[in-house]
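The exercises below are meant to be worked through with the sequence and the structure in view. Each one sets a task, and a worked solution follows.

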Amino acid sequence: MDRSEVEADENLTPLPSSSSVVAVAVDGKRKSKHIVQWSLEKFVPEGNAIFKLIHVRARISSVPTPMGNSIPISQVREEVAAAYIKDIEWQTSEMLLPYKKLCIQKKVEVDVIVIESNDVANAIAEEVAKHGINKLVIGASSRGLFTRKLKGVSSRIAVCAPEFCTVYAVSKGKLSSIRPSSIETNGSIRDDSSETSCSTTNSSSYTFSSQIDHGSVALNSHFDSPSLPMQRFQALATINQTLLKTRTSSVESSHFRCQSLDIREGKDDLSSCATNADSGHALSRTSSCKSLPTDNQSWISDQASTSDMLTEYLSSESQENLNFELEKLRMELRHARGMYAIAQSETNDASLKLNNLNKCRLEEAMKLKEINLKEEMAKKLARQEKERYEAAKREVTHVRQSTERETSQRKEAEMKAIHDAKEKEKLENALVGPVHQYRKFTWDEIVSATSFFSEDLKIGMGAYGSVYKCSFHHTTAAVKVLHSKESRKTKQFQQELKILSEIRHPHLLLLLGACIDHGCLVYEYMESGSLEDRLLRKNGTPPIPWFERFRIAWEVASVLAFLHNAKPKPVIHRDLKPANILLDHNLVSKIGDVGLSTIVHTDPTSMSTLYKDTGPVGTLCYIDPEYQRTGLISPKSDVYAFGMVILQLLTAKPAMALAHVVETALSDGLLSEILDQEAGNWPVEETKQLAELGLSCAELRRRDRPDLKDKVLPALERLKEVGDRARGLISRVQSAPPNHLICPILKDVMTDPCVAADGYTYDRRAIELWLEVNDKSPMTNMPLPHNNLIPNYTLLSAIMEFKSRGQ
């Protein structure tokens, strides 16, 4: 190296300041704590030290995912990358916090420097050069007994660190090695060169060579110590060069070139040096280094002719160097012995600890054995306790079951006693007073249901009152309102209320309730009206088929027989006529208007049931002639009226002189001419039998009329069966559906029939569409109180039956 280069390196070295800057490189591992503690203990007592903590963090180039892989940071969203970077910065600050606390405890102000770089050594070197850090403390890997080299990152940091910075390597809290700065090295070498009293250019050359040689002897340029023979040879070579320079100035430049020679290249380099100074130089090497390789012995032997004076001088100097080397070796030996003693002491300590651990293990094994025995005893006691618990539990369960059984028996007895008491109360109430089997409505409910007795809802009017169509709780009903409040006290009102509330029959009009205070009776609503209106086809209603008329005759006869045989007292209707026979939507007949009915008191001594009435009641043409003449009424009076109803079913003609007309046609063989032709093709024989039965029931004398139960009902039962068979045959070939199956809106057979608030049945889809734009009834054009729809399952079954017959 030239002088100019040395001066250039010295110019790069910053001037020393009154205070030193100490930087500690930490990586977050456990050993970093020992490094910081060592630095504080080392440099704090010296004073005037500025501390800095340097941590190098790898550049963030990717973001990890929960799946374990990573995504480049350029491919993630900015907010995700910012959040990840912020999290890494937080983790770094948390990692450095314990080291800052150590400095605070020592009352030392510390600056934390976090560098983001993938090259740790260069990053720390740049930071050291930037801040003029003259002391750098780094961690060194754990070394063996005779290991002197730094490895890995520590070595690279030592190489890259600026020369003006002293690098301390610490391992396990102890100083491992030092790389001195150029300032310290130059200072020591200049002191050595002043002792040689060389003020010429040769002394400058010696200073530079001494710097290199002494540095190599001490640390071998970065803590790499050479072998002892090589160190001795280098030291002696340095001394020889110095002496030769003082004596021979003509070869000054030659010494500058030769001071960095390698031993293995000695022959080639020394071939260019033919002067006596070169011979003296080689001789000094021969006297100071007898252990060199054999390839240099020839070179040494060639220099044996050096002057005696130079040899004596060099031998004295070599003796001093040898003593220095021996002392250094003794120190190293003492250090090795100390390390061996420490290792032996640690081995002894480890043996003692192992013995103690074995002793503890044996003790713990004994304790574990005792614990196992206690555990077995505890398990045995637990099993015994469990057995006792199970036994107690079984006993408790048995007692509970017995208690529950007794409680159940007691409850059953109590329930039976309560039931018996209720039954007894019912019997007592039945014996004491009447039982009301109807609901009591208030006058406000009646008024609201009939829309203040709207004329649009009136469906009929009689001698005693008017009938209105209404709805109670989504149920369509008919309300009979008497003309005057005094009518509620009349015999007819009380009689009808009594009979309909106490007697139930499928073909007797059902009483839903009553408002006694205002003389109102609430019946079930019969959609098809009265039999009279349908026979006369009032309002264009379709005709009743002949087989349905056979069935209606049987239904009326059955309900009359039921009334006549009622217990404990028979009931006579006294006003049977087509106007009082009501039909529902399936043409099922029910007898209503029983206000003129009477309860007959039977006489056990008499074979016939008679009742004395002061004045005949009923409708002309349907009143029994004997009842009109004698005032005596019996069940045969209803038979006479029933005969007239049969004749009207056949002919659909008024009752006036109808018996005479039918009798004449029957005797003349012209019965088919007086039959109602709109009823269909009447069966000749069965129609003739029905006509004869009707005439027999309408005989003038009571004794000539047949018994209703024994003769009339069996005959009508046979005719009904004929009608049922005919209905089945006609249903299979009939193409047009019945009117009651037709939706008033769609004019077609309904699919899902339901009852609206106006009491009419519509197809659900059609009425829902209607209610979306209208709030009035499609049939009555009256406002609907609500839009609720009730499924009509009865009509749905009739529709399904009709469709099945059509298939």
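**Exercise 1.** Among contacts in the protein between residues at least 6 apart in sequence, what percentage join residues at least 24 apart?

*Solution.* The model is a predicted one. Within it, 64% of the contacts between residues at least 6 apart in sequence join residues at least 24 apart. As background to this figure, the protein has 25 helices and 24 strands, and 39% of its 807 residues count as buried. The accessible surface comes to about 46900 Å², and carbon and sulfur atoms account for 54% of that surface.

**Exercise 2.** Locate His474, decide whether this residue is buried, partly exposed or exposed, and find its contacts beyond its neighbours within four places in sequence.

*Solution.* Begin with the position: His474 is found in the loop between β11 (465-472) and β12 (475-482). Next, take its relative accessible area, which is 37%; because buried means under 20% and exposed means over 50%, His474 is partly exposed. Then turn to the contacts, where, with neighbours within four places in sequence left aside, His474 touches His786, Asn788 and Ile790. Finally, consider Ala756, which lies 282 residues from His474 along the chain, while the C-alpha atoms of the two are separated by 8.2 Å.

**Exercise 3.** The structure holds nine aromatic pairs; classify the pair of Phe43 and Tyr168 by its ring geometry, and state where in the chain the two residues sit.

*Solution.* The ring centres of Phe43 and Tyr168 are 5.4 Å apart and the planes stand at 75°, so the pair is edge-to-face. The pair links distant parts of the chain, since Phe43 belongs to helix α2 (residues 30-43) and Tyr168 to strand β7 (residues 166-171), 125 residues apart. Both Phe43 and Tyr168 are buried.

**Exercise 4.** Which ring face does Lys469 lie over, and which does Lys720 lie over?

*Solution.* Lys469 lies over the face of Tyr760, at 3.5 Å from the ring centre, whereas Lys720 lies over the face of Trp554, at 5.0 Å from the ring centre.

Methods:
Residues numbered from 1 in each chain as written. Predicted model: local features only at pLDDT ≥ 70, side-chain atom pairs only at ≥ 80, totals over all residues. Heavy atoms only, no water. Helix = DSSP H or I, 4+ residues; strand = E, 2+ residues; numbered from the N terminus. Buried < 20%, exposed > 50% of the residue type's maximum accessible area, 1.4 Å probe, protein only. Contact = heavy atoms within 4.5 Å. Areas by Shrake-Rupley, 256 points an atom, 1.4 Å probe, with all protein chains shown as cover. Phe/Tyr/Trp six-rings, centres within 6.5 Å; stacked < 30°, edge-to-face > 60°. Lys NZ or Arg CZ within 6 Å of the ring centre and 35° of its normal.
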